[in-house]
Amino acid sequence: MHKIFLASFFLLFTFQLKAQQAEILYLSGKNKDHTVDWNFAIDNGMNSGKWTTIPVPSNWELQGFGVYNYGRSKDKQPFSDETGQYRYEFEVPKSFKKKYVEIVFEGAMTDTEVKINGELAGPVHQGGFYRFTYDITDLINIGGDNTLEVKVKNKSDNAGVNTAEREADFWLFGGIYRPVYLKAYPEAHIQRIAVDAKADGSFTADVYLRGRGSVSDVEAQLYDMQNKPIGKSFSVSAGMSKEKVSLEAKFEDVLTWTPEFPNRYKVKFKLKKKNKVIHEVSEKIGFRTVELREKDGLYVNGIKVMLKGVNRHTFWPSSGRTSSRELSEMDVNLIKEMNMNSVRMSHYPPDVHFLEVCDSLGLFVLDELTGWQTSYETEVGKKLVEEMMVRDVNHPSIIIWDNGNEGGWNVELDDEFQKYDPQNRPLIHPWEKFRGTDTQHYKDWDCCEDGLFHGEDVFFPTEFLHGLYDGGLGAGLDDYYNAMLKNSLSAGGFLWVFSDEGVERTDQDKKIDTFANNAPDGILGPYREKEASFYTIKEIWSPVYIGIEDQLPDSFDGKIAVENRYFYTPLDQCSFNWQLVDYSDASIDTASVVYASGKVESPSIQPQESGNLSLPLPQDWKLHDALKLTAIDPHGREIYTWSWSTGNVRKNFLNMLKSPTKGEDAAQIEEQENTYRLFTANTEIIIDRISGNIISVKKLEKEISLGGGPLLEAKFGSSKLLEIRHYAVDGDYLLEYHYTKNSTIKKIQYVLKTDGVLKVHMEYFPQDGYYEYIGVGFNYPEDKVSGVTWVGDGPYRVWKNRLKGAKFGLWQKAYNNTVTGESWNYPEFKGYHANMRWAKIDNSETPFTIFFEDENLFLKLFTPKAPQDAYNENTNGFFPESDLGIMQQISPIGTKFKKSEQIGPQGVPYLFERKEVKNPLSFTVYFQFDE
């Protein structure tokens, strides 16, 4: 009897609890990976004119229906205009009896007509990015069968909706792409809640009531995330004649919400009739205060902040705009991995789960009403503002609302936002000056006479450094961010864009389509492949800033100057680990051999202040190849790992060369009619007598197709040969070309060593002028190369204005011909590589290794293929014609809309002036040919 009583009590308690909360019945699946098949027919495009099935939620193009369409493409293809019809049979549980029932669509593109059992649920909904609902209480059969019919037009009957949403610079899709479900409430219930929880612990909540029946009060209780009550419950009297009641409370010692510490709480609201709970709703909140102080800055919780952010589309190649919480978590983690603290919703409200992940993991969010250079009409716009605000108002991550984008704002909607937001968060017009903010897009570095860096408004460009292929994003960011840091009115900015929007074309054998140069704009590829800029951004935006460049100075004593660029985190809440590593005995599998390692006591440096980090290095640290330092944030996430050369790799190689072998194995020379033949017992180098260029190389009688250099570009100036000298020194043989005083080339020296190593030394004086690159080239057939192994910065290539993010180490990559943004096999093989010590060129002949005696030399590995659909020349970069380059200056790269010199000083071509240079430019490298 006791067991029966307990079981009955548990069932009764469970039923009562269920009755107090809204019940949800999913008619569709919940995300892109969990769908439900509905009956479906479409009237145009792929698989049209027949009834079949389609998974819901989904975009119908990705399921093989309709017509693919990129928004801003009137001149290339007509706008798609399809109507899809959905049918679904479902049962309504008996527990829905005597309840208020609504059907909820989280998102459908674009005009949606809904019928339940043949009856219209309400007016057609227009707008593709918003949650909408219908009251279907009187239309459903409780406990019986029901038919849902949905007609969706991807092209709206409202011209303003089309111009705002579909004549836009992004992929357009059709269909029910977010979940659909029924929600059953008690007859009297809480419809929605709008919360204002401030950093000082003050709390207000507007509770909106709906339904039939008498109630007495609304009660609220604050809990931490472990469900521990915080303070006492508080309440306000209510009656169903009231559409809204407001509660107030004050809490002591609350933990505030920030991206660095995203502390959250739960509030449970109970609608009561005397002592009986009629309906219960729970909201997750964060205590934080947002202020836009005009002519000063953006403040969160009283702290002036900089937005280090990126624009993000909701997008996945195989599912379009149909997403999942797992995808949201992956993207937020990738954004935070880049040391960003902000994300802008471009150009529409995202899935709810994305905002929930931003709340829980910590990102500032700019939430945006759709409007791409044109806006909604006022009537439909007001409704869509309400739908966005009602859904999103309680997310602590949202700190700013955006009314459209780039002219896509309707000023008649500006005051609508505040109606639904008790927090009164700032509203902006992205791309213009508005209400004390300046968010202009794609302006030159350190501009403008009347705005941004030289204006009077708080500025944070909501788009800057527009990426395209390998240009922009990381390239130019160092200059932009340094200028922002120096300007008290700067509140940061947002890069364009997070990932390439490449869609798997079901009509093209799943080919990834970025619609030419319209959508390969990302820091990551379509499937989140990391481009080089990912790591550049990670270093530049690191909240722990260390200014040491590539190599530790000889005077290094273990002390490292550190700047704490956090806004809320003292540095002693982070941790630091160091390693001394060697590469000479390492394999590629291990990348380094750790000689010594340890942890460092974190200094107590407050946010926005500087101090020193002291590493307890062993006395013989200079005898090892590199020092690595890793900073870890309070949540266990890597902030960044720096890696600096000690100079030991170069010293070891040079010491090896100081022990020549004399005797029969000594290097020799043979003068021929048009050439010099330098040779040892196993190595032969043929040099052209006139040009001084290498013609051919042999090792053990095997041809190595290296030649054609050292070659200077013609624009560097002409040269006239003065004399040729050759002589033996301690078993090595030297061949030297000397040039006249006014020649560009001053000297070419070859030294063939007894072990077959060829030293090449060159001195030259370019003409005065600006140069995209400066260096000397050699030729080697690209089709013979299979890969490269090197010690230097890697594994990604660099540009003059994107040197950061590459790390000193031992690297290897196989040959590829990747065109960034058109294919995604990263890191790209070709291009400039920095801080070189040595590089082994693997090939189908005989591998050879190039050793670099001098510091600050780059290796150019062939010439990257230009994108097929290049928007302009800005993002191609500049390269010498030779295959392998020993470079002293390399090319910068621009963005989609700007030349490199417009995005900062690092993007300006190198200026060479002889009067400023005492000695010729020079370099020394060694070629070692394998047996």
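The model is predicted: local features need pLDDT of at least 70, side-chain atom pairs count only at pLDDT 80 or more, and totals for chains, interfaces and linings use all residues. Residues are numbered from 1 along each chain as its sequence is written, and side-chain values use heavy atoms, with hydrogens and water left out.

**Entry 1: the pocket**

I noted the terms first. A pocket is an open set of points on a 1 Å grid over the protein atoms alone, where a 1.4 Å probe fits, with protein on both sides within 12 Å along at least five of seven lines; lining residues have an atom within 4 Å of a point. Helices (H or I, at least four residues) and strands (E, at least two) are DSSP runs, numbered from the N terminus.

I looked up the volume of the second largest pocket: about 630 Å³. This volume is the space filled by probe spheres set on the grid points, which are joined across faces, edges and corners. The lining has 34 residues, and Glu-549, Asp-550, Asp-793, Leu-803 and Lys-804 lie nearest the centre. Helix H8 (532–540) supplies at least two lining residues, as does each of the strands S37 (544–546), S43 (638–645), S57 (807–814) and S62 (884–889). I sorted the lining by class and got 13 nonpolar, twelve polar and nine charged residues. Here Ala, Val, Leu, Ile, Met, Phe, Trp, Tyr, Cys and Pro count as nonpolar, Asp, Glu, Lys and Arg as charged, and the others, Gly among them, as polar.

**Entry 2: helix H2**

I checked how covered H2 (residues 159–166) is. Six of its eight residues are buried (under 20% relative accessible area; exposed is over 50%, partly exposed in between; 1.4 Å probe, protein chains only). The buried ones are Gly-160, Val-161, Asn-162, Ala-164, Glu-165 and Arg-166. Their cover includes strand S28 (364–372) and helix H5 (378–392). At the N-terminal end, Asn-158 caps H2, with a side-chain oxygen 2.8 Å from the backbone nitrogen of Gly-160.

**Entry 3: a three-strand sheet**

I traced an open sheet in the order S23-S24-S25, with antiparallel pairing. Strands S23 (290–293) and S25 (303–304) are at the edges with a single partner each, so one side of each has no neighbour in the sheet. Two strands pair if DSSP finds at least two bridges between them. Strand S24 (residues 297–300) is joined to S25 by two bridges. Val-300 sits opposite Ile-303 of S25.

**Entry 4: loops**

I found a cis peptide bond from Gly-794 to Pro-795, with omega near 0 degrees. Pro-795 is in the loop between strand S56 (785–794) and S57. Tyr-826 and Pro-827 are also joined by a cis bond, with omega about -5 degrees.

Lys-510 is not a glycine, yet has a positive phi of about 65 degrees. Its loop runs between strand S35 (503–505) and strand S36 (511–513). Lys-510 is exposed, at 55% relative accessible area.

Is Ser-743 buried or exposed? Ser-743 is buried, at 2%. Its loop lies between strands S51 (732–739) and S52 (745–752).

Note on methods
Contact means heavy atoms within 4.5 Å. A polar contact is a pair of N or O atoms within 3.5 Å; within protein, one must be able to donate a hydrogen and the other to accept it, and residues adjacent in sequence count only if both atoms are side-chain atoms.
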